[in-house]
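Thank you all for coming, and please have the sequence and the model open while I talk.

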Amino acid sequence: MRNAKNGHHLFSAVCARFMLPDQGMTQYEVLSRASAFAVDLGALMHKAGIASGDIPHDTPVLTTDGSYHPIATSLHVVRPFLFPRYYPDEWLQFIRPENIRVTLEFRETESGALVDEFPLVPKVYAHPTRDVAVMFADLQAISNASVSGENRDLDIVAVAGRVALLENCYKFKLATDEGACSPGDELAFGGHLLNTEPHEEDCVPLPAIVTGTMVRSFPPPQELILAETEVVLQPGMCGGPVVNQDGACVGMIEGVVQNAAAATIDSGDSNDEVRDGMAAVMPASVVESLLLEAIDGRGGERHHPPHDDSVTPPP
């Protein structure tokens, strides 16, 4: 989906592929797909009072030259083995981080045709209990792509175009203050509609924006926003940004409410407003805290499933 004013892509898709050589696989196959969005790292560091020189030297994924772009997406797509109750297939438990490659995709608005895709840095910064991951696109690696031969000049232009596509994708500022999202506020949900199952090779994610209205929020420890949407969000929307009327990202699509009658959300008051099909939104503050952990070197992979039911099921 492109910004009508400047042509920049507002959000993107991620595709996780896997290969198990010890199981006889010789090429990567699609594991799953989700939506994703880029975060304005500079704005976050400024807001948190972090200078570029404050980044620990043992955090190589973050550099002071702005060559790495943080991408927020759904953890259950890039690390499915952490969610055994969502994926009952036993063979998935044999997959480990070294078996997975994740790419960032940009799709045409009208057709869903692939414009370009970029490999993401293998390391995943995983939230300890929520369905969110932060990964990074390495702009410098694309810029340094080797070009040679008789088509060298054309290749240089192509590399420059790829760099510009990634560099100019829209980077959302995370809005975490209380006034950023209130009951009754209109919201836009960005993501992708899938024409078939997300693990199919011929799956074409089609960029889409769904409108909705914020209903209520739950404070910590739930940290959840519920919203009514014009249509029930489809699975491909997971991981997409939720944007307020000021254009700021107030959260990430985490799922939809299922079996509201048995909902375990408890804020100390009535849950009458919780209904099946509502959009479950992870507040931007959760994404922000994960990214700040990545900046100071505390974040990283999660190696075991959560021991509770605090992770909202994907839609």
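Let me begin with a definition: a residue is called buried when its relative accessible area is under 20%, exposed when that area is over 50%, and partly exposed in between, with a 1.4 Å probe and only the protein chains taken into account. What we are looking at is a predicted model, in which local features need pLDDT of at least 70 and side-chain atom pairs count only at pLDDT 80 or more, while totals for chains, interfaces and linings use all residues. Residues are numbered from 1 along each chain as its sequence is written, and side-chain values use heavy atoms, with hydrogens and water left out.

With that definition in hand, we can turn to E223, which counts as partly exposed because its relative accessibility is 26%. E223 is found in the loop between β10 and β11, where helices (H or I, at least four residues) and strands (E, at least two) are DSSP runs numbered from the N terminus. What is the phi of E223 near? It is near 45°, a positive value in a residue other than glycine. As background, most residues other than glycine have a negative phi.

Now for the overall picture. The secondary structure comes to five helices and 14 strands, and of the 315 residues in the protein, 50% are buried. The protein exposes about 14900 Å², and carbon and sulfur atoms supply 51% of that area, where accessible areas come from the Shrake-Rupley method with a 1.4 Å probe and, for residues, only the protein chains shown count as cover. If we take contacts, meaning heavy atoms within 4.5 Å, and keep those between residues at least 6 apart in sequence, then 69% of them join residues at least 24 apart.

Next, the salt bridges, each of which is a side-chain nitrogen of Lys or Arg within 4 Å of a carboxyl oxygen of Asp or Glu. How many salt bridges does the structure hold? There are seven. In one of them the side chains of D40 and K173 meet, at 3.4 Å from N to O. D40 lies in the loop between β2 (29-39) and α1 (41-48), and K173 in the loop between β8 and β9, so this pair ties together parts that are 133 residues apart in sequence.

A salt bridge also joins R275 and E228, with their closest N and O atoms 2.4 Å apart. This pair links distant parts of the chain, since R275 sits in the loop between β13 (249-256) and β14 (279-283) and E228 in strand β11 (residues 224-229), 47 residues apart. R275 is partly exposed because its relative accessible area is 37%, and E228 is partly exposed because its own value is 30%.

In the salt bridge between E105 and R107, the closest N and O atoms are 3.0 Å apart. Are E105 and R107 buried or exposed? Both are buried, and together with R33 they are linked in a network of salt bridges.

Let me now compare a few single positions. C249, in strand β13, counts as buried because its relative accessibility is 1%. Leaving aside neighbours within four places in sequence, C249 is in contact with several residues, including F37, F172, K173 and A284. The C-alpha atoms of C249 and P283 are 9.0 Å apart in space, although these residues are 34 apart in sequence.

A180 is in the loop between β8 (171-172) and β9, and it counts as buried because its relative accessibility is 10%. Beyond its neighbours within four places in sequence, A180 is in contact with A175, D185, N244 and V250. From A180 to N244 there are 64 residues in sequence, but 7.2 Å in space, C-alpha to C-alpha.

L194, in strand β9, is buried because its relative accessible area is 18%. Residues that L194 touches, not counting those up to four places away in sequence, are C203, V204, P205, Q234 and G236. The C-alpha atoms of L194 and P235, which are 41 residues apart along the chain, are separated by 7.7 Å.
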